[in-house]
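This briefing sets out selected features of the protein shown below. The points are grouped by topic for use beside the sequence and the model.

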Amino acid sequence: FLDWLFSRLTDVDHTGRVIWPSAKICARFVGVHPAGKELILNKTVLEIGSGAGMPGIMSAMWSKRTVMTDGNSVVLDILHVSTFLLSPNQTMLLAS
């Protein structure tokens with residue numbers, strides 16, 4: 001499994017595999033700040049261009065449903081693994 005995952009990491013576009021500063025801020029707001037939790041509590045959340053998926057994974061803790069998308073199929077493969085490992089009990093839909 002790890003060989004397959006690492007082989008997927010060799011594609012040229014690394015944009016979706018970086019946790020950008022704005023993703024960290026958004027994830028912290030949703031995961032820690034009471035207003036962030038209240039904003040998404042029991043609602044459907046759509047994350048467009050999820051990349052590494054940090055905000056979407058944090059959103060799944062409080063939302064009714066989280067939909068995470070990315071246009072890069074390699075990033076989506078990695079995102080599937082990440083969401084399974086980090087939030088196995090949460091509802092997450094992934095689409096390209």
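## Overview

Of the 96 residues in the chain, 35% count as buried, a term that stands for a relative accessible area under 20%, whereas exposed stands for over 50% and partly exposed for values in between (1.4 Å probe, protein chains only). The model is predicted: local features need pLDDT of at least 70, side-chain atom pairs count only at pLDDT 80 or more, and totals for chains, interfaces and linings use all residues. Residues are numbered from 1 along each chain as its sequence is written, and side-chain values use heavy atoms, with hydrogens and water left out.

**Fold elements**

- The chain contains five helices and three strands; helices (H or I, at least four residues) and strands (E, at least two) are DSSP runs, numbered from the N terminus.
- Read from the N terminus, the order of the elements is α-α-α-β-α-β-α-β.

**The loop residue Asn42**

- Asn42 sits in the loop that joins α3 (34–40) to β1 (44–47).
- The phi angle of Asn42 is near 60°, a positive value in a residue other than glycine.
- With a relative accessible area of 56%, Asn42 is exposed.

**Largest pocket**

- The largest pocket has a volume of about 170 Å³.
- Lining this pocket are 13 residues, of which Ile19, Ala52, Met54, Ile57 and Ser82 are the closest to its centre.
- A pocket here is an open set of points on a 1 Å grid over the protein atoms alone, where a 1.4 Å probe fits, with protein on both sides within 12 Å along at least five of seven lines; lining residues have an atom within 4 Å of a point.
- For the volume, grid points are joined across faces, edges and corners, and the space filled by probe spheres set on the points is taken.
- Helices α4 (54–59) and α5 (73–86) each supply at least two residues of the lining of the largest pocket, and α5 gives the most, with five residues.
- By residue class, the lining of the largest pocket has nine nonpolar, three polar and one charged; Ala, Val, Leu, Ile, Met, Phe, Trp, Tyr, Cys and Pro count as nonpolar, Asp, Glu, Lys and Arg as charged, and the others, Gly among them, as polar.

**Helix α5 and its surface**

- Phe84, Leu85 and Leu86 make a nonpolar surface patch of about 380 Å²; such patches consist of residues with over 30% relative accessible area and no salt bridge, with nonpolar side chains (Val, Leu, Ile, Met, Phe, Trp, Tyr) joined within 5 Å.
- A salt bridge is a side-chain nitrogen of Lys or Arg within 4 Å of a carboxyl oxygen of Asp or Glu.
- Phe84 belongs to helix α5 and is exposed, at a relative accessible area of 58%.
- His80 is also placed in helix α5, where His80 is partly exposed at 40% relative accessible area.
- The C-alpha atoms of His80 and Leu94 are 7.4 Å apart, although 14 residues separate the two along the chain.

- Helix α2 (residues 21–32) holds Cys26, which is partly exposed with a relative accessible area of 34%.
- Ala23 is found in helix α2 and is buried, with a relative accessible area of 16%.
- The C-alpha atoms of Cys26 and Pro55 are separated by 5.9 Å, at 29 residues apart along the chain.
- For Ala23 and Pro55, 32 residues apart along the chain, the C-alpha separation is 5.9 Å.

Note on methods. Patch = residues over 30% accessible without salt bridge, like charges linked within 9 Å, V, L, I, M, F, W, Y side chains within 5 Å. Areas by Shrake-Rupley, 256 points an atom, 1.4 Å probe, with all protein chains shown as cover.
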